[in-house]
Every structure is written in structure tokens, then in C-alpha cells.
Amino acid sequence: NQGITKKNEVLDLLPTLSVNISIDRNLPQYIDLQTPSGWAYTNGGLRGILVLNTGIGTPPFKAFDRACPNNDCPAPMNFDGSLKMKCTCDDSEYSIIDGSPQTSGHKQFAREYKVNVSSGSILNIRNF
């Protein structure tokens, strides 16, 4: 296990995994990422990755692993377009702004990946 979350210095309980993915926002499955508040799922990470266009910052994109950060739930977290991701095993919720836990008693943050834009429509998602 590696890493320490930014805000509360809580150990990241998820296994270490190299992530280096590129997606093209012009492809039909990622077309929603063209507009603010758009989002899409992609393969990669531990349980898949949620990619969001927040409309804020440069770049305006965020990417979170869908693995529940506080347990070894076999199902990926769900996102319904609100401001939270939800773990299906224990109903814990995590902010899409910074990955912070929104459920009382939980300390681990959702794992966030770095997103860079290259060649206009290509998003590079990585953890290094």
C-alpha cells in the first residue's frame, strides 16, 4: 500500500497499481466529457475509473478510482451525476471535488488520479 491522502494524512488502504491511460474525448463513449458536468466511466485502476469534467480549473478534469477506499468491496462505486460517488457494499459516499469521505466514521479518501490534456481531445490519466 502506498500514499497518504492530502488532507487528513490517512493511509491509503488500496493496493498499489500503476495507472497510465489515454482516452479521446471525441469517441462516442467519452463525448459527455466535452461539456462541464459531463462524466464517463473508463477501464483501468482497481475497479474502473470515473472521469469528470468539472468545468473548473486547468485542466477541468478529475479522475477517481471506483474502488471503495475503506474496504475490499468487489463492486465498483457508482456515480449518478450528483456530487458524490457511492460504495455499493456499505453505502459510504465520497466527494467528486476532492475524494473526501462524506460518510461519518470513514477516513480514507477515494483514490484520485492526475489528468493532463494533450493534443486537444486526449486525456492522459495516471498516478505518477
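N78 stands opposite K86 in β6, a strand that covers residues 84-86. Strands here are DSSP runs of E with at least two residues, numbered from the N terminus. β5 and β6 pair in the antiparallel sense over two bridges; pairing requires that DSSP finds at least two bridges between two strands. Together with a further strand they form an open sheet of three strands in the order β5-β6-β7, with antiparallel pairing. Its edge strands are β5 and β7 (93-95), each of which pairs on one side only.

The model is predicted: local features need pLDDT of at least 70, side-chain atom pairs count only at pLDDT 80 or more, and totals for chains, interfaces and linings use all residues. Residues are numbered from 1 along each chain as its sequence is written, and side-chain values use heavy atoms, with hydrogens and water left out.

The loop between β4 (61-65) and β5 (78-79) holds R66. R66 is buried, that is, under 20% relative accessible area with a 1.4 Å probe, protein chains only.

The largest nonpolar core has 14 residues. Such a core is a set of buried Ala, Val, Leu, Ile, Met, Phe, Trp, Tyr and Cys residues joined through side-chain atoms within 4.5 Å. I23, L33, I49, V51, L123 and I125 touch the most other members. At least two residues of this core come from each of β1 (20-24), β3 (49-53), β4, β8 (112-118) and β9 (122-126). A second, separate core of 12 residues includes F64, F79, Y94 and I96.

Terms used
Helices (H or I, at least four residues) and strands (E, at least two) are DSSP runs, numbered from the N terminus. Buried means under 20% relative accessible area, exposed over 50%, partly exposed in between (1.4 Å probe, protein chains only). Lys and Arg count as positive and Asp and Glu as negative; His and the chain ends are not counted. A salt bridge is a side-chain nitrogen of Lys or Arg within 4 Å of a carboxyl oxygen of Asp or Glu.
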